[in-house]
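Good morning, everyone, and thank you for making the time.

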Amino acid sequence: MKNKCMRVQFFFIVWAVMLGVSFFLPSDAGAHRVNIFAWVEGDTVLVECKYPDGREVYEGVIRVLDSAGKELLNGKTNTKGEFSFKAPQQDDLTIVLEAGMGHRADWPLSKQDLAPAGESAVSSAPAPKAEAPPPAAKESAPGAASPLPAGIDQAIEKALDKKLAPVLRMLAEMHEQKVRLTDVLGGIGYIIGLVGVAAYFKRKP
Amino acid sequence: MHISEGVLSGPVLLSGAALAAAGTAIGLKKLDYDQIAKAGMLSGAFFVASLIHVPLGPTSVHLIMNGLVGLLLGWAAFPAILVALALQAVFFQFGGITTLGVNTVLMALPAVLCYFAFSPLLFHRRPLVVLAAAFACGFFSVFLAAVIASMALMFTEENFWSVAAMVVAAHIPIMIIEGIVTALCVVFLKKVQPSMLPAYSRKERP
């Protein structure tokens, strides 16, 4: 009788532990993976690195690779998990985050994303004299793409960057994949299913 | 402890996969009908344990529970851990599919070794020995996992001793926590469900 009582207690505790784990999920999700998100603001590339539970990766090593896989620059994230750099060249970049002990994530940044950055880098010199007629030689390349004069083009670019910054931040937050309860329950379901399969194949004839 | 994709070189991944396949084959062969439910339960526990993490400096460590899985399953720890790791890779993006083999070996091999080292002591007459064996099982399974992880990382990060020292040092708290958790589980199971423990049928019957 006592034994049976203990057994009931055992299963009760197992379930209590499982429930307890699932209640702590939103705040206590695992941190064995890192998230990286990068976007362009003006001529600067901003990188944000977080663990899946929302904590920032500080002192994470960032390496920026070009399309050939050559390392262009590297650095470490600050205490807020952020890192920024001036796009060194217009190319398909890959930003790699290494948070130590096998934690790694990367974020591709295509040429198109960087295009405005390249433009403003080229035209930043004559910017103070925005009223003056644009110097034809350097401005002609970006100017040819749009019917607007280069000055307005640049102003729009800047305004858009400013307005879009919070949206990009929001996207960054949405991009972080957190561990969800459905995933946990799904995984447990799979395991129960596999136990069934194993039991079927190992059954005594 | 999970190693992410894109960190290790091809030969390391391949040899990891080969070892994991061999271990899993042995495990499935040794897994008899009565053990299946237990293997499933422990696979589930392993799957969920990785969500309980302890923040620690710049990174954080989570429970691994490979010691307990190994202690209760022996060779069957290989398939149980493989399944749990595959699901963790798919659902939580912990580790990855290409590193599945390496990750399985680095967690299941210490589990099996600890099973052979410590399971004979579980029904020792003196409770202190039992407690110490269970603690050591949890402790060393994580320690060995850290050592194997640094061996795998050695091929990419060059200096074995500095990598090993860093990985082992980072996991010392979790080794102690795992030791305590494993000891508690063993004490609890001995009271409540001793038939779950290995060597039960040989030694002590109520």
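I will take the two chains in turn, beginning with their overall make-up and then going down to single residues. Please keep in mind throughout that what you see is a predicted model.

Let me start with chain A, whose secondary structure comes to six helices and seven strands. If you follow chain A from the N terminus on, the elements run α-α-β-β-β-β-β-β-β-α-α-α-α. Chain A has 205 residues, of which 33% count as buried, and it exposes about 12,500 Å², with carbon and sulfur atoms supplying 64% of that area. When we take the contacts in chain A between residues at least 6 apart in sequence, 53% of them join residues that are at least 24 apart.

Now to some particular places in chain A, and the first topic is charge. How many salt bridges does the structure hold over all chains? The count is one, and the pair that forms it is A:R63 with A:E71, whose closest N and O atoms are 3.0 Å apart. Are the two partners buried or exposed, or something in between? A:R63 has a relative accessibility of 22%, so this residue counts as partly exposed, and A:E71 is also classed as partly exposed, because its value is 34%.

Next, please look at A:T44, which has its place in strand 2 of chain A, a strand covering residues 44-50. The relative accessibility of A:T44 is 18%, and because buried means under 20%, this threonine counts as buried. Which residues does A:T44 touch, if we leave out those up to four places away in sequence? They are A:W39, A:S84, A:F85 and A:K86.

The last stop in chain A is on its surface, where A:I152, A:I156, A:L160, A:L164, A:V167 and A:L171 form a nonpolar patch, with about 490 Å² of accessible area together.

We can now turn to chain B, which has seven helices and two strands, and which reads along the sequence as α-α-β-β-α-α-α-α-α. Of the 206 residues of chain B, 57% count as buried. The accessible surface of chain B comes to about 8,400 Å², and 72% of it belongs to carbon and sulfur atoms. Among the contacts in chain B with a separation of 6 or more, 76% come from residues 24 or more positions apart.

Helix 3 of chain B deserves a careful look, since eight of its eight residues are buried. Those residues are B:N66, B:G67, B:L68, B:V69, B:G70, B:L71, B:L72 and B:L73. Just after this helix comes B:G74, which takes a positive phi of about 70°.

How does helix 3 of chain B, residues 66-73, meet helix 4 of chain B, residues 77-92, and at what angle do their axes cross? The two axes come within 9 Å and cross at roughly 145°. On the side of helix 3 the contact is made by B:N66, B:V69, B:G70 and B:L73, while helix 4 brings B:A77, B:A80 and B:I81. Sorted by class, this contact has five nonpolar residues, two polar ones and no charged ones.

Staying with helix 4 of chain B, we find B:Q88 there. B:Q88 has a relative accessible area of 0%, and therefore it is buried. Apart from residues up to four places away in sequence, B:Q88 touches B:H2, B:F46, B:F47, B:S50, B:Q93 and B:F94.

B:A145 counts as buried because its relative accessibility is 1%. The C-alpha atoms of B:A145 and B:V167 are separated by 9.7 Å, and these two residues are 22 residues apart along the chain.

Terms used
Residues numbered from 1 in each chain as written. Chains lettered and ligands numbered in written order. Predicted model: local features only at pLDDT ≥ 70, side-chain atom pairs only at ≥ 80, totals over all residues. Heavy atoms only, no water. Patch = residues over 30% accessible without salt bridge, like charges linked within 9 Å, V, L, I, M, F, W, Y side chains within 5 Å. Areas by Shrake-Rupley, 256 points an atom, 1.4 Å probe, with all protein chains shown as cover. Salt bridge = Lys/Arg side-chain N within 4 Å of Asp/Glu carboxyl O. Axes fitted to C-alpha atoms, helices over the stretch in contact; angles between N-to-C directions. Helix = DSSP H or I, 4+ residues; strand = E, 2+ residues; numbered from the N terminus. Contact = heavy atoms within 4.5 Å. Nonpolar A, V, L, I, M, F, W, Y, C, P; charged D, E, K, R; others polar. Buried < 20%, exposed > 50% of the residue type's maximum accessible area, 1.4 Å probe, protein only.
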